[in-house]
Amino acid sequence: MSGYTPELKELIKRVEATRPQRVERARRGEHFPPLSMEQRMEWLKRYHPDYKEEGRKEVRVGPNKGDVLPEEIVNVLESRSRIEPERIDLGRADLETDILIIGGGGAGTAAALMADNMGRKVILATKLRHGDSNTIMAEGGIQAATQEGDSPYYHYLDVMGGGHFTNKPELVAALVNDAPLIIDWLEDMGVMFNKYPDGRLMTRHGGGTCRRRMHSAGDMTGAEIMRVLRDEARNRENIKVMEFSPAVELLLDRKGRCRGAILFNLETKEYYTVKARAVILATGGFGRLHIQGFPTTNHYGATADGLVLAYRAGVRTCFLEATQYHPTGAVYPEQNVGLLITEKVRGLGAQLLNVDGEEFCFPLEPRDVESACIIRECLEVGKGIMTPTGRIGVWLDSPMIDLLHGEGTVKKELPAKYIQFKRYGIDISKEPMLVYPTLHYQNGGIEINEFGETSLPGLYAAGEVTGGVHGKNRLMGNSLLDVLVFGRRTGMKASEYVGRVKDEGELTLEHVERFHEELKAAGINEAPVAPILLPDYTPDHVRARQFR
Amino acid sequence: MKEEIKQLSVGDKTIPPEGAKMIPIYIMGREYLVPETLTILKAVEYAGYQYVRGCGCRGGICGACGVYYRIMGDYRLRSGLACQTVIQPNMVLAQLPFFPVNRPGYNMEDFRDDPHGALRALYPEVFKCVGCGTCTRVCPMDIDVMDYIALIKRGNLKKAAEKSFDCVMCGLCASRCPAQISQFTAAMLVRRINGRYLTPKAQHLKKRKEEVESGKYEVMLKELMAMPVEALKKLYMEREREPDLAPPGWMPQDTSHL
Ligand SMILES: Cc1cc2nc3c(=O)[nH]c(=O)nc-3n(C[C@H](O)[C@H](O)[C@H](O)COP(=O)(O)OP(=O)(O)OC[C@H]3O[C@@H](n4cnc5c(N)ncnc54)[C@H](O)[C@@H]3O)c2cc1C
Ligand code: SF4
Ligand code: SF4
Ligand code: FES
């Protein structure tokens, strides 16, 4: 493998030229001055995608009418259905079940297991394979106050502080109180957490924690948790999993309760009606909407489908204006695009540099400020580096790490990243990486209460599709926790509800028709079709020949 | 510079720069010209396919994108993950988005007393491995699959669990096994047995669980929930931070809210 192109190698020489002096200064403890509070606000306002006026617009229809949100989100909220309601025969259901769960990631699977425990029949419909999700991608860990010197009290404070005190208190209380129960549940199912020989759980700090509370399973915590949950679900006869069957619309009954969904078989292109007594939405995040063209760390199916479904049925969303960008996503080589480069790299002393090998910011600003600095350097100052595939980025000077901490530190402290670049001929202990902010997490989503109930009776929601738990900003390690806590809570709550609710009242798609009329009334005639289900990366020259 | 910025690739769509070198690859036998340096996954998309199967995380961890390929003129059959493997000229490829495997159902309780015996009863075929090493050669995660199978046979389940930990369950090993073994489904069970029975339980967790269930923290949390934001901010600023290198079992000065 070739590593950097000759052109990029030429540019790296500039980085190498300034490195000895930069390392010298770093040894003396000198660093690029952090921004003042005023500058921070200004940089954020001018360059952070969340603060910029452009790229946002007002929502014209539905429960969040009047809110100003990123264009890509507004476009899917103000969208038309994939189906023509009048062509669907709601008189007979193709499938019936107690609880329909939409989305087979961590939240959906946790909900399914709890519902099964409570004796309910479950259909788990998911878009890709069971487990193809953001959950499987989480590397860092999961928070829970399991140690003696910690408690849910301190966890609560950390979560609130991280979210700038905008979080919904009752959701945070549920999150931190259930957290130790979640770890216990996972341990019991056989998750291989990192432990000391006597069984004590190993824990680390994460950004914004006052106690070491981050539990992990190697550097693939999410994958380990997801595969164990999925394996357990396969052992349960009452959980029927339907893969490649995304939900495209919710079904209501004449009493205004949520009673099922329409599923779409991605392969045969058939639509199925599923009748249920309760529905749990667990469709995850929206990274693949590529807000403002940003690459993303998210999986292929993260296209905001659940938001669209619930919105059409009249359910409000909150905090969707706050998107989490990770400041350092890889932009080179192409196969690593979007790959997360952890904060640890900067924590170990690697600096961010422009095309001339100059520092332009303090490397440990808060995530959002750091992102703004990088965007400014590339788009405003014009000193970014262009990759052969047309991406732009700045250098992250990882070779400084070995110079500062001794030969071999990179390999020891960042084994996974070292291998991921080595595979493509780049030795990050000798050559810098190219990075740019990447779209990472959907802070906001569907409004829920502490049981995962939405404003629509019979509709529950859990996980990244919901908003409020993390307020405007999530701390690392709290979303794996979030999906399991609220996945379990919705599974239990929906199971109770199913015991009470009678199977009566015809099914209807009138909410969809009403939404279409609302679009028309607002003068929105060219509305796109959503949920979009799968992102489309077909290049333009191919698209031009497809005539569709 | 401003002009060039328009070139910024949108999301994952590949926009090759002017003059990018194009190379031929053969997707299931049909030739396409694609820009070099792409991964197989992105090259296939560049050719005009929209994935339904065979694509999940796009980051090398979900195992949806197993792929077999040969380079024309070379007899060797190679394998990898499509999202992690860079294309080469004259690569002839087919993805393996699904492969039928054996995964019998079970109850974790069955493995409490005699895990090795119970495993043998559930997966007898695993004990018929002929030691050909094909699985180890095809594994895109560089796992010594044959070795973890041997460890399972010998009853060293702990070692087998650790050795198979990086498995992304792509199924490539199972697709080539002459003994018809589904190696990775057996390994999944072995890891769960290890996590549940072969590793000591966390005692501090048991205790904390009881405390939570007794409702101890609900009282404290109610107090915080009722607090005005300013008071909460004050508590937040005054938190005592556990030192990074404190020994396990560290205790803070203020133990009134533990
Ligand atoms: C790279 C990466 C690293 C991360 N690291 C961490 C970490 O270290 N710690 C942490 O706490 N969090 C981390 N997170 C965040 C965390 O992993 C996610 O927020 C969380 O797992 C989301 O879980 P979920 O169940 O809500 O959604 P997902 O796990 O994404 O599951 C949603 C499922 O729904 C399916 N789906 C989508 N649309 C439909 C539809 N229309 N019909 C049916 N099914 C549908 C999807 O295909 C998917 O399977 C990370 C995220 C990423 C991307
Ligand atoms: S062990 Fe088998 S299933 Fe697991 S990663 Fe290797 S080849 Fe894929
Ligand atoms: S491919 Fe099958 S028979 Fe050959 S070593 Fe692997 S498990 Fe054994
Ligand atoms: S798409 Fe998940 S491993 Fe390649």
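Helices (H or I, at least four residues) and strands (E, at least two) are DSSP runs, numbered from the N terminus. By that numbering, helix 14 of chain A gives the largest share of the shell around ligand 1, four residues. This is a predicted model: local features need pLDDT of at least 70, side-chain atom pairs count only at pLDDT 80 or more, and totals for chains, interfaces and linings use all residues. Residues are numbered from 1 along each chain as its sequence is written, chains are lettered from A and ligands numbered from 1 in the order in which they are written, and side-chain values use heavy atoms, with hydrogens and water left out.

**Ligand 1**

- Ligand 1 is surrounded by 38 residues. A residue is near a molecule or strand if one of its heavy atoms lies within 4 Å of it.
- The closest are A:Asp132, A:Thr135, A:Glu464, A:Ser479 and A:Leu480.
- A:Glu464 places a polar side-chain atom 2.6 Å from an oxygen atom of ligand 1.
- The side chain of A:Ser479 has an N or O atom 2.7 Å from a nitrogen atom of ligand 1.
- A:Leu480 uses its backbone: an N or O atom there lies 2.7 Å from an oxygen atom of the ligand.
- On its own, ligand 1 has 1,000 Å² of accessible area, and the protein covers 98% of it. Accessible areas come from the Shrake-Rupley method with a 1.4 Å probe; for residues, only the protein chains shown count as cover.
- Helix 4 (106-117), strand 18 (433-442) and helix 14 (478-500) of chain A each give at least two residues to the shell.
- By class, the shell has eleven nonpolar, 21 polar and six charged residues. Ala, Val, Leu, Ile, Met, Phe, Trp, Tyr, Cys and Pro count as nonpolar, Asp, Glu, Lys and Arg as charged, and the others, Gly among them, as polar.

- The residues around ligand 2 include B:Cys139, B:Cys167, B:Cys170 and B:Cys173.
- The ligand 2 shell divides into eleven nonpolar residues, one polar and no charged.
- The residues around ligand 3 include B:Cys129, B:Cys132, B:Cys135 and B:Cys177.
- The ligand 3 shell has nine nonpolar residues, three polar and no charged.

**Interface of chain A and chain B**

- In contact (heavy atoms within 4.5 Å) are 100 residues of chain A and 95 residues of chain B.
- The two chains bury about 8,800 Å² between them, 57% of it on carbon and sulfur atoms. Buried area is the accessible area (1.4 Å probe) that two parts lose on being put together, summed over both.
- A:Tyr153, A:Met192 and A:Arg212 supply 8% of the area that chain A buries against chain B, more than any other three residues.
- Eleven salt bridges cross the interface. The rule asks for a side-chain nitrogen of Lys or Arg within 4 Å of a carboxyl oxygen of Asp or Glu.
- A:Glu232 and B:Arg192 meet in a salt bridge at 2.7 Å, N to O.
- Helix 6 of chain A gives the largest share of the side that touches chain B, twelve residues.
- That side divides into 46 nonpolar, 27 polar and 27 charged residues.

**Salt bridges overall**

- Over all chains, the structure holds 62 salt bridges.
- A:Glu148 and A:Arg200 form a salt bridge at 3.0 Å, N to O.
- A:Glu148 lies in the loop between strand 6 (142-143) and helix 5 of chain A, and A:Arg200 in the loop between helix 6 and strand 7 (214-215), so the pair ties together parts 52 residues apart in sequence.

Conventions. Polar contact = N/O pair within 3.5 Å; in protein donor to acceptor, adjacent residues only side chain to side chain.
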